[in-house]
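Please examine the overall dimensions and one selected side chain of the model shown below. The questions that follow are answered in turn.

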Amino acid sequence: IVDFDIVERSNLNNQAYMVDQIGMRKTEALTKNISQVNPDVNVTAFHLKLESGNMAEPFSSVDLIIEALDDAATKARFIEETSIQYPDKPVIVASGVAGIRGTERIGLRRSGNLYLVHDDQAPSCDDSILLAPRVGLFANWQASLALEILLEGKHVH
């Protein structure tokens, strides 16, 4: 997990945090939440801001990258840097998460190792709201796709 931010009240509507975590680093809060669900999961968290020129570095030891950035320009730079640095590593991104309509439009596009869960007709986050159910749809689709990729060809018991 890589994030530089702290939990704010506005995050509670669409992110996996609790009221008593307001003010905590997001990396610490999410690590705690994952541990409460399954203490056997090993989480590595970096409290840092992804900046141009060093965005790929924290992901050197992972098998797959899931993007969850808010800003479109940062997202584009992240995709570019991780794809160049790790051309064989799958990168799963989401686009078009805002809004309250259009669930049926959510789809998947793939280009090489880049997977895009998207709704091309969704409004911008600047022009609309992010609500937990829609954010959850995208996040769960990304998580399910990650499991498909990671477990492909393996028999799961």
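Q: Why does the radius of gyration of the protein chain agree with that of a compact globule?
A: In this predicted model, local features need pLDDT of at least 70 and side-chain atom pairs count only at pLDDT 80 or more, while totals for chains, interfaces and linings use all residues. Residues are numbered from 1 along each chain as its sequence is written, and side-chain values use heavy atoms, with hydrogens and water left out. The globule rule, 2.2 Å times the number of residues to the power 0.38, is applied to a radius taken over C-alpha atoms. For 157 residues a compact globule would have a radius near 15 Å, which agrees because the protein chain has 16 Å.

Q: In what order do the elements of the protein chain run from the N terminus on?
A: Helices (H or I, at least four residues) and strands (E, at least two) are DSSP runs, numbered from the N terminus. The protein chain has 3 helices and 6 strands. Their order is β-α-β-β-α-β-β-β-α.

Q: Is phenylalanine 138 buried or exposed?
A: Phenylalanine 138 is found in helix 3, residues 132–151. Buried means under 20% relative accessible area, exposed over 50%, and partly exposed in between, with a 1.4 Å probe and protein chains only. Because its relative accessibility is 1%, phenylalanine 138 counts as buried.

Q: Which residues does phenylalanine 138 touch, not counting those up to four places away in sequence?
A: A contact requires heavy atoms within 4.5 Å. With residues up to four places away in sequence not counted, phenylalanine 138 touches Ala94, Ser95, Gly96, Val97, Ile106, Val117, His118 and Asp119.
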